[in-house]
Amino acid sequence: YLFWHGDRDFPALGTVMGFDEYPELDDVIQFWLDFWKGEGLPFPKDIDPFLIKVLIAVESSFRPDARARRPTSSATGLMQLLQSTLYRLEGIPRNNYTEVKNYFLKLTLPEIKDPVINIAAGVRWMSHKYMLLSNDTRVKKKDLYSTIKYYHSWDIHGENYASQVFNLYKKSLGNRSPLIR
C-alpha cells in the first residue's frame with residue numbers, strides 16, 4: 001500500500017552487467033530504502049540503492065519466484081529471504097529471544113514472491129543485519145561490505161558472497177565512482 005500510494009519519482013539506477021535493465025525495480029528499491037531510513041532504521045552511510053539492485057541480481061537473477069538451488073533451503077524471491085528470516089521479521093521469539101525489536105512484518109513465503117513485498121522485507125532485513133553488526137563489539141569493521149557479507153552469513157561463504165556482489169557492483173557502475181571498501 002505504501003509503495004503504490006507514494007508520489008515520489010526516483011532516478012533510474014542503471015543496468016547490472018550481464019542482466020537486462022529491470023527499471024521497474026528501481027523505484028521499489030529506492031522507495032523502501034528511503035522509507036526504512038525515514039523510520040529511523042540504521043544503514044551504512046554509504047549505501048547505494050544500485051548495490052541493492054546488484055544484490056538482487058546475484059541472489060535471484062531478477063526472478064521474483066526464484067527458489068534456492070539447495071533443496072533444503074527456503075530462500076525465496078528477489079532477495080532470497082528464508083522462512084527463518086520471516087519469523088524474525090515477524091517478531092516471533094526463538095529460544096525466548098526476539099531478535100527484531102520493531103517494525104514487524106508478517107509475511108508468508110507465497111507473499112514474498114511479490115517484488116514490492118520482497119524488497120520491502122529484504123531492505124528491512126539488511127538494516128537489521130547492519131544494526132546487529134553495529135552492536136557487536138567483536139566486529140572490527142562496521143561498514144557496507146560487512147553488512148553485505150552478514151546479509152548472507154558471517155563465515156567464508158558470506159565473504160565470498162560479499163566479494164561477488166561488490167565485484168559485480170564495481171563492474172556495473174560504468175562511469176560512476178565505485179564504493180571503496
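## Fold and overall dimensions

How many helices and how many strands does the chain have? The chain has 6 helices and 0 strands, where helices are DSSP runs of H or I with at least four residues, strands are runs of E with at least two, and both are numbered from the N terminus. Read along the sequence, the order is therefore simply α-α-α-α-α-α. The radius of gyration is 16 Å, close to the 16 Å that the globule rule gives for 181 residues, so the chain is as compact as a globular protein of that length; the radius is taken over C-alpha atoms, and the rule is 2.2 Å times the number of residues to the power 0.38. Along the principal axes, the C-alpha atoms fill a box of roughly 50 × 40 × 35 Å.

This is a predicted model, in which local features need pLDDT of at least 70 and side-chain atom pairs count only at pLDDT 80 or more, while totals for chains, interfaces and linings use all residues. Residues are numbered from 1 along each chain as its sequence is written, and side-chain values use heavy atoms, with hydrogens and water left out.

## Burial and contacts

Of the 181 residues in the chain, 48% are buried, meaning under 20% relative accessible area, with exposed set at over 50% and partly exposed in between (1.4 Å probe, protein chains only). Among contacts (heavy atoms within 4.5 Å) between residues at least 6 apart in sequence, 56% join residues at least 24 apart.

## Salt bridges

The structure holds 4 salt bridges, each defined as a side-chain nitrogen of Lys or Arg within 4 Å of a carboxyl oxygen of Asp or Glu. One of them joins the side chains of Lys 53 and Asp 26 at 2.7 Å, N to O. Because Lys 53 lies in helix H2 (residues 49–60) and Asp 26 in helix H1 (residues 24–38), this pair ties together parts that are 27 residues apart in sequence. Lys 53 and Asp 26 are both buried.

Another salt bridge pairs Arg 88 with Glu 99, whose closest N and O atoms are 2.7 Å apart. Arg 88 is in helix H3 (residues 83–90) and Glu 99 in the loop between H3 and helix H4 (115–135), 11 residues apart, and both residues are buried. The side chains of Glu 90 and Lys 106 also meet in a salt bridge, at 3.1 Å, N to O. Glu 90 lies in helix H3 and Lys 106 in the loop between H3 and H4, so the pair ties together parts that are 16 residues apart in sequence. Here Glu 90 is partly exposed, with a relative accessible area of 24%, whereas Lys 106 counts as exposed at 67% relative accessibility.
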